[in-house]
Amino acid sequence: MDRKPDVNTSPRVLLVFPKFYENSMWNFKEAMEIQGARAAAPPLGLITLAAMLPQTWRIGLLNANCEPLTDEAIRGVDLVMTGGMLPQEPDCLEIIERCRTLGTPVCVGGPAPTSTPEVYDRADFVVAGEAEGILPEFVAAWERGERTGRFTAAKFKADVTSSPIPRFDLLTFSHYLYIGVQFSRGCPFTCEFCDIIELYGRAPRTKTAPQMLAELGRLHDLGYRGHVDFVDDNLIGNKKAIKLFLPHLIRWQEEHGYPFKFSTEASLNLADDDELLDLMRRANFFALFTGIETPDEATLIQTQKKQNTRRSIADSVHKLYSAGMFVTAGFIVGFDSEKDSITKAMATCIADTGIPIAMVGLLFALPNTQLSRRLRKEGRLYENYAATTADQGDQCTQGLNFVTLRPQRDVLADYRDVLAQVYEPASFFERVREVGRRLDRPKFAAQNIQWKAVAKDLASMTRILWRVSVKRPELAKHAWGAFLATARSNPAALEAVITNIVIYLHVYPFSRYVMREIDSRIAAIDAGQWVQPTLLAPEDAPAAPKRPGLPGTPHLAAVA
Ligand code: B12
Ligand code: SF4
């Protein structure tokens, strides 16, 4: 006879999402303060994991970006499960050490431990890869009484149609600006610097329509309304699958009175597909992130981003505005084939597209990419190229972790100049006005207004305009100008205009901070104080980046 599991003896597990380091373009601090949120997005990986663990296990979730992780919390459980992305590495390593000191076994997983499992050697368990394929093996080992282990999932094999509804019930929705869901994993393209295709593969795997609607239904039942982000690497990676799914999503939105507005990430070739744009518009997609990277055609070819070539980037972006989505985009300075004229070309491209928030960063060779493998082969990769410390910035300040082909000083100076031009208030707000002129939001978005959300938006709008006027008087004239012009000509675009202004409240001072950091890097080069870090020998085994401050690892200087 089967024995019922005894809930009181089943393991107590704490899922911990480590802290991100603070100095990042992606840290939307002001937006969070205004909305009363504590973090941008919840840990979708961990709440998906929570749904996969035996449901008799007693599971708690702690997001260290929202509340502190105490020793009591660690002592009070049988197992801590943690992990995340590269910028969370320093805190994740600290959590591992605290668990060891307090005697609680710790298991790590997620994208960073998958890319560089050797960094997490001190954890009792390391689970590399997508959990769907491998978690049962970890659970079986735990239930056999094993307290250490290494598990590696077969690459790109996880069947996402078997992925359960994430445990959204573990979240406090008010802690977040938006909630993430995921339809597909992987991307068909081959951009040289990208680790997505190494982690999730080039054949996008998609969930089924009923599965997705069940996830959205669960969010809806739990009372969540508003912004939902499809965190897909490239939502249109499998065009056939997304075109089959979107009509279901449109019907669901209609039946439920449009409770959600969606954002996502997609490649720029979305602009070539009118049918897809129309479907996304009707489903109420309102924002899109895309990787433009550079306006230089030769560089796009060299970095294998061919989908962005042979097109007018500005026209493609304007088409997205016509479909009702405002655009944010990634740009990179520091590619091998880049020319000295990049500053002007990039600033002009950003102005022409009218993209207010252009995430311009320095090229950073991520571990586990074609780029880092090539640079190592060419003997140009710094030995400790992927090191992260808690006080470090992101690729804006810490990029160029390799020997550049143009003099490093020139690349840094160009980068600094792009930032100066792009985030100068007059030019930023001109792009915001452009969004206000071009964005064509669908009628139903106004007809199906969620009054609860409007009240929240109005309250935040008042706080935003007050904050701009009082805290940043130098921006007030521009912000009010863009706001009033849009209110008169295209009120449906006001929400997008305000959202961009809020993000600017973080990005404007952040860009100034980055410029100061870059200036000091340039000054060090000019003064002859900069010493090139040791390079990885081409024949070195796959880089096993050593980390500062770890017991047993000598302290090594951070990436210069
Ligand atoms: C949404 C997202 C963000 C959001 C934030 C999300 C959040 N919760 O805070 C935003 C936009 C802010 C963001 C920013 C950045 N991101 Co990001 N992001 C993503 C994205 C697109 C989706 C993450 C997600 O929810 N996935 C869905 C869940 C279900 O998948 P998952 O997290 O991998 O979890 C699965 C497994 O990994 C595993 N798992 C996860 N955790 C654990 C823990 C344990 C114990 C176990 C056993 C298993 C396990 O189980 C899950 C189910 O299989 C991923 C790409 C991707 N496909 O995942 C990139 C990704 C995680 N980001 C990445 C990076 C580098 C960044 C940035 C530095 C910007 C950049 N791209 O350069 C910034 C830094 C942020 C900062 N504040 O400093 C890299 C990480 C690379 C690495 N080696 O660590 C990724 C992989 C992609 C990429 N190249 O951009 N990101
Ligand atoms: S399009 Fe984006 S996700 Fe796809 S390979 Fe290129 S950078 Fe990676």
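Q: How far apart do the C-alpha centres of domain 1 and domain 2 lie?
A: In this predicted model, the C-alpha centres of the two domains lie 26 Å apart. Domain 1 covers 10-152, and domain 2 covers 162-350 + 357-365.

Q: How do you know which residues of domain 1 and domain 2 form the contact?
A: Two residues are in contact if their C-beta atoms, placed from the backbone, lie within 7 Å. By this criterion the contact takes 24 residues from domain 1 and 22 residues from domain 2.

Q: Which elements give two or more residues to the side of domain 1 that touches domain 2?
A: They are helix H1 (29-35), H2 and H5. The largest share, six residues, comes from H2. By residue class, this side of domain 1 divides into 17 nonpolar, five polar and two charged.

Q: What makes a residue part of the shell around ligand 1, and how many residues surround the ligand?
A: The C-beta atom, placed from the backbone, must lie within 6 Å of the molecule. For ligand 1, 42 residues surround it, and the closest are Leu-44, Gly-45, Gly-109, Gly-110 and Ala-131. Among the elements that give two or more residues to this shell are helix H2 (44-52), strand E4 (106-109) and helix H6 (131-143). H2 gives the most, with five residues. The shell divides into 24 nonpolar, twelve polar and six charged residues.

Q: Why is ligand 1 said to lie between domain 1 and domain 2?
A: Both domains give residues to the shell around ligand 1, so the ligand lies between them.

Q: What is the order of the strands in the open sheet of six strands?
A: The order is E7-E10-E11-E12-E13-E14, with parallel pairing. The twist averages 20 degrees from one strand to the next.

Q: Why is one side of strand E7 and of strand E14 left without a neighbour in the sheet?
A: Strand E7 (179-181) and strand E14 (358-362) stand at the edges, each with a single partner strand, so one side of each has no neighbour in the sheet.

Q: How do you know that strand E12 and strand E13 pair?
A: Two strands pair if DSSP finds at least two bridges between them. Strand E12 (residues 285-293) and strand E13 (residues 326-333) are joined over six bridges in the parallel sense, so they meet this criterion. Within E13, Gly-330 stands opposite Gly-291.

Q: Which helix lies across E13 and E14, and at about what angle to E14 does the helix run?
A: Helix H16 (residues 408-422) lies across both strands, running at about 165 degrees to E14.

Definitions and conventions: Residues are numbered from 1 along each chain as its sequence is written. Chains are lettered from A and ligands numbered from 1 in the order in which they are written. This is a predicted model: local features need pLDDT of at least 70, side-chain atom pairs count only at pLDDT 80 or more; totals for chains, interfaces and linings use all residues. Helices (H or I, at least four residues) and strands (E, at least two) are DSSP runs, numbered from the N terminus. Ala, Val, Leu, Ile, Met, Phe, Trp, Tyr, Cys and Pro count as nonpolar, Asp, Glu, Lys and Arg as charged, and the others, Gly among them, as polar. Domain bounds come from an automatic or database domain assignment. Axes are lines fitted to C-alpha atoms, for helices over the stretch in contact, and angles run from 0 to 180 degrees between N-to-C directions.
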